[in-house]
Amino acid sequence: MSSNVPAERPLIEGTKLLIDSHCHLDFEQFDEDRDELVTRAQQAGVGRMVTICTRVRKFDQVKAVAEKYDNVFCSVGTHPLNAGEEPDIELNELLELSKHPKCVAIGEAGLDYYYDNAPPAVQEKVMRTHIWAARQTGLPLVIHARNADAHMTEILEDEVTKGDFPFILHCFSSGAELAKTGVQLGGYVSFSGILTFKKSDELREIAKSVPHDRLLVETDAPYLAPMPFRGKRNEPSYVVHTARVLAETVGLDEDELWLKTTENCRRLFTKMTF
């Protein structure tokens, strides 16, 4: 395996916290109460949050949020739905911006064929640039995949032949084969509030198939609030509810799930401080 694949980072004995591995705290939905929601997250036991970049050109506002709060970290990248706005993002720019001490990931990048915001070829080009950045930095690539399972599988299988890179299939709602492929290629699978929805039986079956050492939880806040908050603005403190359902689904008690997913984050987000 490449040296850019995260090594083991054992959890500090006795530490109990949960990590929201994917949220968007720079979004305007949080402008009125960002301080309060970070406090609520801490009070709920959410000890770390990763606020995810969707446009490289807006990295300044993303990193500003991470800089303000000790327990918030960030990523740098271009969301596939914004790839048409930033089709020529260069590897060197990603590498330079990712040097920021609070930047712990690349992305989110990927493929989204549900909406027609950017041509597939542009999304693929942008994603492959992000893969190279993840490979060179050792920072995990946060992958967005929607209605693009076959093409995503093709790209991932092709890229690992060029060298390993850490990655997360974030807010997983794709098919079982993509989850299986992602795990086989060394990736992690992150589950959001969708897992808690009544009609998500198929997704819960997929979650059961993911090895415990590859599981993550997230909110994708402000979107996809878990039950019983579905339809409301999501926030990091709500990841506790997703974690509870994930624990029940995969046969762990809640404490075990908290410890396991935090352990996984420590292994994956090598720049995150604890």
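A polar contact is a pair of N or O atoms within 3.5 Å, where within protein one must be able to donate a hydrogen and the other to accept it. In this predicted model, the side chain of His170 makes such a contact with the side chain of His22, at 3.2 Å. His170 is found in the loop between strand 6 (167-169) and helix 6 (176-184). With a relative accessible area of 6%, His170 is buried, because buried means under 20%. Leaving aside residues up to four places away in sequence, His170 touches His22, Glu108, Val142, Ile143, His144, Ser190, Glu218 and Asp220.

Strand 4 (103-112) and strand 5 (141-146) each supply at least two residues of the lining, and strand 5 gives the most, with three.

His170 also belongs to the lining of the largest cavity. The structure holds one cavity of 30 Å³ or more, and the largest has a volume of about 30 Å³. Besides His170, the largest cavity is lined by Ile143, Ala145, Leu169, Cys171, Phe172, Ser173, Ser174 and Leu178. By class, this lining has six nonpolar and three polar residues, with no charged ones.

The aromatic rings come next. The structure holds five aromatic pairs. One of them joins Phe27 and Tyr223 edge-to-face, with 6.1 Å centre to centre and 70° between the planes. Phe27 lies in the loop between strand 1 (18-23) and helix 1 (34-44), and Tyr223 in the loop between strand 8 (215-217) and helix 8 (239-250), so the pair ties together parts that are 196 residues apart in sequence. Phe27 is buried, with a relative accessible area of 16%, whereas Tyr223 is partly exposed, at 39%.

Phe172 and Phe191 form another aromatic pair that is edge-to-face, with 6.3 Å centre to centre and 65° between the planes. This pair links distant parts of the chain, 19 residues apart: Phe172 is in the loop between strand 6 and helix 6, and Phe191 is in strand 7 (residues 188-191). Both Phe172 and Phe191 are buried.

Terms used:
Residues are numbered from 1 along each chain as its sequence is written. This is a predicted model: local features need pLDDT of at least 70, side-chain atom pairs count only at pLDDT 80 or more; totals for chains, interfaces and linings use all residues. Side-chain values use heavy atoms; hydrogens and water are left out. Helices (H or I, at least four residues) and strands (E, at least two) are DSSP runs, numbered from the N terminus. On a 1 Å grid over the protein atoms alone, a cavity is a set of points where a 1.4 Å probe fits but cannot get out, and a pocket is an open set with protein on both sides within 12 Å along at least five of seven lines; lining residues have an atom within 4 Å of a point. Grid points are joined across faces, edges and corners, and a volume is the space filled by probe spheres set on the points. Ala, Val, Leu, Ile, Met, Phe, Trp, Tyr, Cys and Pro count as nonpolar, Asp, Glu, Lys and Arg as charged, and the others, Gly among them, as polar. Buried means under 20% relative accessible area, exposed over 50%, partly exposed in between (1.4 Å probe, protein chains only). Contact means heavy atoms within 4.5 Å. Rings of Phe, Tyr and Trp (its six-membered ring) pair if their centres lie within 6.5 Å; planes under 30 degrees apart count as stacked, over 60 as edge-to-face and the rest as tilted.
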